[in-house]
Amino acid sequence: MNEITQEKKMLRQKLSAVRNQLSPSVGMEQSEQACQHLIELTQALHIRSVLVYIPFRSELNTWPYVEWCWQHHIHVLAPLCDVATHTMILYPLYNKDQLRSGAYGIMEPDNLKLNPTNEIPEAVIVPGLAFNSKGQRLGYGGGYYDRLYERFGDHTTWIGIAHEQQLVEEIPVDHYDIILNFVVSNKGIETFS
């Protein structure tokens with residue numbers, strides 16, 4: 001295991017514990033505030049289609065944002081993880097009833113009822129354990145979003161979303177790691193080139 005990989009592993013453990021210690025009420029309040037900032041950014045950028053992760057465990061809850069998108073006729077896509085290839089298959093999402101428990105216990109589109117899409121969303125909302133002021137992200141180690149970044153690159157806007165407790169000074173990065181265009185938290189919006 002190289003030095004960067006070891007640093008990432010240690011930081012994942014630390015930040016996962018920090019996020020897990022947030023009380024449900026604080027987590028929900030911060031999620032609602034972050035989603036409001038994300039709505040403002042979506043409006044400012046005139047985004048009409050978006051890939052959104054389905055929140056899992058103590059991740060920032062994106063449901064207020066998803067429901068706002070549905071109400072405002074913004075096309076919502078959700079990912080299904082292909083564990084064999086560590087890639088994501090994208091599906092349109094119109095309501096919560098289209099979800100089922102999938103890889104890693106995460107709610108995913110029901111691929112028996114839905115058809116995948118090749119659509120490139122105008123924005124991708126990216127989860128993570130940590131984000132910094134350079135637009136760098138520490139993910140979970142599966143590389144799913146990094147591979148998606150290889151597919152879409154600059155054809156879409158990359159937006160990280162997090163609780164303020166997940167914002168850190170430094171993140172160890174590899175050459176293939178995503179550089180985000182924006183990071184949104186309950187504290188506001190940070191913009192990167």
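## Basis of the description

The structure is a predicted model, in which local features need pLDDT of at least 70 and side-chain atom pairs count only at pLDDT 80 or more, while totals for chains, interfaces and linings use all residues. Residues are numbered from 1 along each chain as its sequence is written, and side-chain values use heavy atoms, with hydrogens and water left out.

## Aromatic rings

A search of the whole structure finds 4 aromatic pairs, where rings of Phe, Tyr and Trp (its six-membered ring) pair if their centres lie within 6.5 Å, and where planes under 30 degrees apart count as stacked, over 60 as edge-to-face and the rest as tilted. One of them joins Y104 and Y144 in an edge-to-face arrangement, with 6.1 Å from centre to centre and 85° between the planes. Because Y104 lies in the loop between strand 4 (99-101) and strand 5 (107-109) and Y144 in helix 4 (residues 144-152), this pair ties together parts that are 40 residues apart in sequence; helices (H or I, at least four residues) and strands (E, at least two) are DSSP runs, numbered from the N terminus. Y104 is partly exposed, with a relative accessible area of 45%, whereas Y144 is buried, at 9%, given that buried means under 20% relative accessible area, exposed over 50% and partly exposed in between (1.4 Å probe, protein chains only).

Another edge-to-face pair is formed by Y149 and W158, with 5.0 Å from centre to centre and 65° between the planes. Here Y149 is partly exposed, with a relative accessible area of 22%, and W158 counts as buried at 1%.

## A charge over a ring

K96 lies over the face of W63, at 4.5 Å from the ring centre. A charge sits over a ring if NZ of Lys or CZ of Arg is within 6 Å of the ring centre and within 35 degrees of the ring normal.

Strand 2 (residues 75-82) and strand 3 (residues 87-92) pair in the antiparallel sense over 6 bridges, and two strands are said to pair if DSSP finds at least two bridges between them. The bridge partner of A78 is Y91 in strand 3. The hairpin has 4 residues between the strands, and H86 takes a positive phi near 55° in this hairpin.

## Salt bridges

The structure holds 7 salt bridges, each being a side-chain nitrogen of Lys or Arg within 4 Å of a carboxyl oxygen of Asp or Glu. Among them, the side chains of K8 and D177 meet at 2.9 Å, N to O. This pair links distant parts of the chain, with K8 in helix 1 (residues 3-20) and D177 in the loop between strand 9 (157-162) and strand 10 (182-185), 169 residues apart. Both partners are buried, K8 with a relative accessible area of 7% and D177 at 10%.

The salt bridge of K113 and D110 spans 4.0 Å, N to O, and joins an exposed residue, K113 at 65% relative accessibility, to a buried one, D110 at 10%. K187 forms a salt bridge with E164, the closest N and O atoms being 3.9 Å apart. Since K187 lies in the loop between strand 10 and strand 11 (188-191) and E164 in the loop between strand 9 and strand 10, the pair ties together parts that are 23 residues apart in sequence. K187 counts as exposed at 61% relative accessibility, and E164 as partly exposed at 30%. Salt bridges that share partners also join K8, D174 and D177 into one network.
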